[in-house]
Amino acid sequence: MDWADLWGAFGPGFAGSVFGAGWWFWVDAVVCSSVKVSFLHYLPGLFASLAALMFNCVKRDDLQDYSPFDEGEGCRSKTWLFLAYVIAFVSLAGSVGMLIEDAVLKTGPSTWTGVAGVLQCFFVLASGLIFWTSRSGEY
């Protein structure tokens with residue numbers, strides 16, 4: 001068994017574990033928070049999950065094959081993937097913004113809530129990439 005076979009066999013399980021760990025950080029921070037966490041703090045993690053779902057909707061073969069007669073399928077896939085990465089990086093930037101807000105303001109949630117939001121976005125997006133690289137082209 002070579003590395004590609006091992007990655008294909010164990011990658012999806014590892015990606016699920018990383019995804020679960022990301023959401024576990026966030027749930028832990030919300031449960032342990034002494035003040036109510038606003039819905040605005042939830043949005044970066046939700047958008048990170050949406051972005052991970054979006055870039056897993058694109059086949060790797062659609063990005064590698066180019067034909068001038070493909071009626072725009074490759075262009076649509078690349079545009080969709082670009083949009084998914086924009087949403088991913090905006091969610092990560094939003095979570096960093098929430099971290100800075102939590103660290104500066106003493107009336108809001110604790111700094112741990114901001115740190116957990118950044119960890120959540122990072123782990124969710126990493127799990128999406130792990131799953132995208134580990135799945136085979138035949139599905």
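**Questions on a predicted helical chain**

In this predicted model, the chain carries 7 positive and 12 negative side chains, with the centres of the two sets 7 Å apart.

Trainee: What percentage of the contacts between residues at least 6 apart in sequence join residues at least 24 apart?

Mentor: The C-alpha atoms of the chain fill a box of roughly 60 × 35 × 15 Å along the principal axes. Within the chain, the contacts to consider are those between residues at least 6 apart in sequence. The share of these that join residues at least 24 apart is 76%.

Trainee: Are helices α2 and α5 roughly parallel or roughly antiparallel?

Mentor: Two packed helices are described by the angle between their axes and the distance between the axes. Helix α2 (residues 43-55) packs with helix α5 (residues 111-134) at an angle of about 10°, and their axes are 9 Å apart. Because angles under 35 degrees count as roughly parallel, α2 and α5 are roughly parallel.

Trainee: Which residues of α2 and α5 make this contact?

Mentor: On the α5 side, the contact is made by Q120, C121, V124, L125, G128, L129 and W132. On the α2 side, the residues are P44, G45, A48, S49, A51, A52 and F55.

Trainee: Is S77 buried or exposed?

Mentor: S77 lies in helix α4 (residues 73-104). Leaving out residues up to four places away in sequence, S77 touches V58, D62 and L63. Its relative accessibility is 11%, and the limit for burial is under 20%, so S77 counts as buried.

Trainee: Which residues is T113 in contact with, leaving aside neighbours within four places in sequence?

Mentor: With neighbours within four places left aside, the residues in contact with T113 are W26, A29, S33, V37, H41 and D102.

Definitions and conventions
Residues numbered from 1 in each chain as written. Predicted model: local features only at pLDDT ≥ 70, side-chain atom pairs only at ≥ 80, totals over all residues. Heavy atoms only, no water. Contact = heavy atoms within 4.5 Å. Lys, Arg positive; Asp, Glu negative; His and termini not counted. Charge placed at Lys NZ, Arg CZ, Asp CG, Glu CD. Axes fitted to C-alpha atoms, helices over the stretch in contact; angles between N-to-C directions. Helix = DSSP H or I, 4+ residues; strand = E, 2+ residues; numbered from the N terminus. Parallel < 35°, antiparallel > 145°, perpendicular 65-115°, else oblique. Buried < 20%, exposed > 50% of the residue type's maximum accessible area, 1.4 Å probe, protein only.
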